[in-house]
Amino acid sequence: MSFSPDITERLARARADLRMGVPVVLEGGALIVAAETLDATRLEALRAIGEPVLAITRWRADTLKARAYDGDMARVQVPADATLGWVRAVADPADDLRSPMKGPLISARGGRAELHRAAIMLAKSARLLPAVVVVDIADPASFAVTHNLTIVPEDAAVDTALSPMREIVQARLPLEVSEAGRLHIFRPDDGAEEHYAVEIGQPDRSKPVLSRLHSACFTGDLLGSLKCDCGPQLRGALAQMGEEGAGVLLYLNQEGRGIGLANKMRAYSLQDQGFDTVEANHRLGFEDDERDFRIGADILRRMGFSEVRLMTNNPAKVARMNGCGITVVERVPLKVGQNRHNHHYLATKASKSGHLL
């Protein structure tokens with residue numbers, strides 16, 4: 001019998017360590033620390049064992065006019081006199097307009113980039129800024145043991161397979177829109193966020209179910225933010241399901257299109273500087289949309305559904321669900337929540353993300 005953590009558990013530890021500023025070892029021979037949580041003491045410790053490199057995504061590199069020789073990312077050399085403030089400024093665009101000159105930035109060309117790519121993906125999965133300080137080490141296994149650090153293989157860090165999902169519990173939940181409500185809680189094996197399914201009535205599993213995949217939006221759903229249309233869409237979808245007497249709303253914990261609440265607020269701050277939603281995501285180093293819709297498809301299958309009438313204004317979501325094996329027999333528009341504060345946000349959704357508004 002072994003009590004040692006398996007690879008899934010070690011990856012969960014690695015994500016937690018990065019969030020706390022604790023270094024993680026990659027088996028291929030690298031010590032990594034998230035730029036967002038790095039402190040000055042550990043930066044000096046990294047310098048003592050090698051030459052630090054700051055791995056950033058192509059989107060962030062383009063913003064900084066750094067060469068992304070590795071295609072989807074850049075390995076930026078950390079100057080010998082660079083301070084913690086310099087590292088944070090390269091990683092975080094908060095002061096880009098106030099202090100645009102951070103270079104010249106010198107990017108590494110040639111050599112292996114796999115470890116740096118794995119480091120970025122780990123930071124993303126930890127809902128941190130996709131910028132990681134990386135130092136090569138010769139004997140990673142011994143280094144991890146000596147310093148009591150989590151060690152993971154880089155191929156596991158870049159593995160995009162969906163973590164197995166299991167239903168933990170379900171219970172009756174009378175709602176304003178329908179007293180025949182039931183809440184299902186699903187938990188992935190990889191220790192990531194739980195996801196929820198709100199079932200209205202008793203939908204027939206042999207017929208297409210009225211369904212919505214709703215990404216969590218703390219600001220819109222709970223606080224009533226006027227910067228987006230999420231809250232009205234959530235309540236409108238539930239109300240329509242209540243009127244029809246049956247439906248399933250999946251509440252997926254993929255805040256801010258999958259970048260997390262803290263990064264979403266960073267994007268909001270950039271929007272206040274004049275950037276639109278997509279531009280803000282790119283300046284932070286993220287893709288337009290980092291959500292994984294396979295999660296929603298998996299939950300629907302586990303609940304016994306294979307066909308849906310999908311409530312969405314986003315044709316891409318329809319395509320993704322069809323691609324995940326859930327047949328969308330009808331797209332049901334959900335045009336609610338427009339106001340003077342989110343006009344530009346909705347216009348960007350339409351022009352850059354193809355939403356039908």
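This is a predicted model: local features need pLDDT of at least 70, side-chain atom pairs count only at pLDDT 80 or more; totals for chains, interfaces and linings use all residues.
A residue counts as buried when its relative accessible area is under 20%, as exposed when over 50%, and as partly exposed in between (1.4 Å probe, protein chains only).

View 1. Residues are numbered from 1 along each chain as its sequence is written, and side-chain values use heavy atoms, with hydrogens and water left out. Of the 357 residues in the chain, 50% are buried. The C-alpha trace spans about 65 × 60 × 30 Å along its principal axes.

**View 2. The largest nonpolar core.** A nonpolar core is a set of buried Ala, Val, Leu, Ile, Met, Phe, Trp, Tyr and Cys residues joined through side-chain atoms within 4.5 Å. The largest one has 29 residues, and V25, L54, I56, W86 and V87 have the most contacts inside it. Elements that give two or more residues to this core include strand 3 (53-57) and helix 4 (84-91). Helices (H or I, at least four residues) and strands (E, at least two) are DSSP runs, numbered from the N terminus. Helix 4 gives the most to this core, with four residues.

**View 3. The surroundings of W86.** Contact means heavy atoms within 4.5 Å. Apart from neighbours within four places in sequence, W86 is in contact with V76, Q77, V78, P79, K102 and L105.

**View 4. The second core.** A separate core of 23 residues includes L11, L18, A30 and A118.
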